[in-house]
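Reader: I have a structure to look at and some questions about how its parts pack. Please take them in order.

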Amino acid sequence: RFELAPEFVKIFCIKRFKANKCSIWLERNPRLSNSILYRKLIEFKTELILYMMATAKQKAVKKAISHFFTNLRPTSITLKGRDLKKMQLKPGPIYRQVMAAVLDAKLDGKLKTKKDEIDFARHYVETH
């Protein structure tokens, strides 16, 4: 009988079903790299992440979601578009691809410093 704001209807219905599907997927794929876990969960708002953690049946899934929330979610890269421009790379969709690859490598523990990110980006551009 209560009328919910459209935003809450979307969260409680549509997005909750996506969160449930994601939880099931996580249960079926327990050994994930940090970058894959990040890509699976980053689209969800805090409320839905907490919902998934609360409803997860497996302790490993709860731990993975908690690891994402506390350690992976705040991760960012220091590489900027101007750094790619200095590499003589033309602006375009390639920037997004390079940035995503750098973020994935950082999430997986392969990169620590900005120099590491630039070196990785340079190598990525040369090989792709």
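Author: A helix here is a DSSP run of H or I with at least four residues, and helices are numbered from the N terminus. Keep in mind that this is a predicted model.

Reader: Which helix gives the largest share of the lining of the largest cavity?

Author: The lining of the largest cavity consists of L26, N29, P30, L32, Q58, A60, V61 and A64. Helix 4 covers residues 59–72, and 3 residues of the lining come from it.

Reader: What is the volume of the largest cavity?

Author: The count of cavities of 30 Å³ or more comes to 1. The space in the largest cavity is about 50 Å³.

Reader: Are helix 3 and helix 4 roughly parallel or roughly antiparallel?

Author: Two packed helices are described by the angle between their axes and the distance between the axes. The axes of helix 3 (residues 46–55) and helix 4 come within 8 Å and cross at roughly 155 degrees. Angles over 145 degrees count as roughly antiparallel. Helix 3 and helix 4 are therefore roughly antiparallel.

Reader: Which residues of helix 4 meet helix 3?

Author: Helix 3 passes helix 4 in a left-handed crossing. On the helix 3 side, the residues are T46, I49, M52, M53 and A54. The residues they meet in helix 4 are K62, I65, S66, F68 and F69.

Reader: Is helix 2 oblique or roughly perpendicular to helix 6?

Author: Helix 2 (residues 34–41) and helix 6 have axes that come within 7 Å and cross at roughly 120 degrees. The range for roughly perpendicular is 65 to 115 degrees. The angle makes helix 2, relative to helix 6, oblique.

Reader: How many nonpolar residues are in the contact of helix 2 with helix 6?

Author: Helix 2 brings N34, S35, Y38 and R39, and helix 6 brings A100, L103, D104 and L107. By class, 2 are polar and 2 are charged. The number of nonpolar residues is 4.

Reader: Is the crossing of helix 6 and helix 7 left-handed or right-handed?

Author: The axes of helix 6 (residues 93–107) and helix 7 (residues 114–127) come within 10 Å and cross at roughly 125 degrees. Helix 6 and helix 7 are therefore oblique to each other. Their crossing is right-handed.

Definitions and conventions:
Residues numbered from 1 in each chain as written. Predicted model: local features only at pLDDT ≥ 70, side-chain atom pairs only at ≥ 80, totals over all residues. Heavy atoms only, no water. 1 Å grid on protein atoms, 1.4 Å probe; cavity = no way out; pocket = protein on both sides within 12 Å on 5 of 7 lines; lining within 4 Å. Points joined across faces, edges and corners; volume = space filled by probe spheres on them. Helix = DSSP H or I, 4+ residues; strand = E, 2+ residues; numbered from the N terminus. Axes fitted to C-alpha atoms, helices over the stretch in contact; angles between N-to-C directions. Parallel < 35°, antiparallel > 145°, perpendicular 65-115°, else oblique. Left-handed = near helix turned anticlockwise from the far one by under 90°. Contact = heavy atoms within 4.5 Å. Nonpolar A, V, L, I, M, F, W, Y, C, P; charged D, E, K, R; others polar.
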